[in-house]
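Dear colleague,

Please find below the structure that I am handing over to you.

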Amino acid sequence: MALRREALGLEAYLALEEAAQEKHELVRGQRVAMAGAGREHNRLLTRLFLRIAPAALRAGCEAYVADMRLRVGEEVFYPDLMVVCQPSADPRYEEHPCLVVEILFENTEAMDRGRKLQAYLRLPSLKAYLLLDSRERRAEGYFREGEAWVYRELTEVDLACPPVRFSLDEVYEGVLSTWKPSLRKWSGPGRRGSP
């Protein structure tokens, strides 16, 4: 017989999360541990933040990376990047982003394309939801046009909120690793017998 866990409420989740050493999202009443991110994910996120944050600040908004919670109804997520122009009354989370970005990789892609997509597109304040792949040069987005959402594969990013435009080449430059371990031995300073 499978045991069914009781759904966790928002305040109980927030109390547990404040004391936790690792991050969890609140999905359908359950705490879900966050997966760690690799080098390409972090490189891509850094390059995106460097393009988006200045535009957000010029527009009177804030750009948050990875550690700010986003409340969507009774669920709570940690988007990789979000821009907020209307701050929440509760400093523990935001509720009104105009932009949410998720970086795709093996451990998170199903959630980013599934549950998070469904939740984010319900946000009245949201103008765009971007998905950028950390494994290959590929980006796509959902853009609000009136009352409808329009899906696009992207060759450049052109946002209304914050107002910014940049090419995928700009954010993918130097991101996708071609590194292979070297068989050469280190012979630089600090090696025994070297000056």
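The notes below go from the overall fold to the salt bridges and then to the backbone.

This is a predicted model, in which local features need pLDDT of at least 70 and side-chain atom pairs count only at pLDDT 80 or more, while totals for chains, interfaces and linings use all residues. Residues are numbered from 1 along each chain as its sequence is written, and side-chain values use heavy atoms, with hydrogens and water left out.

Overall fold

The protein contains 5 helices and 12 strands; these are DSSP runs (helices: H or I, at least four residues; strands: E, at least two), numbered from the N terminus. Of its 195 residues, 43% are buried, where buried means under 20% relative accessible area, exposed over 50%, and partly exposed in between (1.4 Å probe, protein chains only). The protein exposes about 11500 Å², and carbon and sulfur atoms supply 52% of this area, as computed by the Shrake-Rupley method with a 1.4 Å probe. Among the contacts (heavy atoms within 4.5 Å) with a separation of 6 or more, 52% are between residues 24 or more positions apart.

The sheet and its helix

An open sheet is formed by 6 strands in the order β3-β6-β7-β8-β9-β10, with mixed pairing; two strands pair if DSSP finds at least two bridges between them. Its edge strands, β3 (62-65) and β10 (148-154), each pair on one side only. On average, neighbouring strands of this sheet are turned by 15° against each other, direction ignored. Helix α2 (residues 39-58) packs on the sheet and touches β3, β6 (81-84), β7 and β8. The direction of helix α2 makes about 165° with that of β3; axes are lines fitted to C-alpha atoms, for helices over the stretch in contact, and angles run from 0 to 180 degrees between N-to-C directions. Within the sheet, β7 (residues 97-104) and β8 (residues 128-133) run parallel and are joined by 6 bridges. V101 stands opposite L130 in β8.

Salt bridges

The structure holds 22 salt bridges, each being a side-chain nitrogen of Lys or Arg within 4 Å of a carboxyl oxygen of Asp or Glu. Side chains of opposite charge can pair when their charged atoms come close.

R69 forms a salt bridge with E18, with the closest N and O atoms 3.3 Å apart. This pair links distant parts of the chain, since R69 lies in the loop between β3 and β4 (70-72) and E18 in helix α1 (residues 10-19), 51 residues apart. R69 is buried, at a relative accessible area of 10%.

R113 and E109 meet in a salt bridge at 2.8 Å, N to O. Both lie in helix α3 (residues 109-113), 4 residues apart, about one turn of the helix. R113 is partly exposed at 28% relative accessibility, whereas E109 is buried at 18%.

R135 forms a salt bridge with D133, the closest N and O atoms being 2.8 Å apart. D133 is buried, with a relative accessible area of 1%, and R135 is partly exposed, with 35%. A network of salt bridges links E109, R113, D133, R135, E136, R138 and E140.

Backbone

C161 and P162 are joined by a cis peptide bond, with omega about -10°. P162 is located in the loop between β11 (156-159) and β12 (164-167). R28, although not a glycine, has a positive phi of about 50°. R28 lies in the loop between β1 (24-27) and β2 (30-33) and is exposed, with a relative accessible area of 56%. A66, in the loop between β3 and β4, is likewise a residue other than glycine with a positive phi, near 65°.

With kind regards
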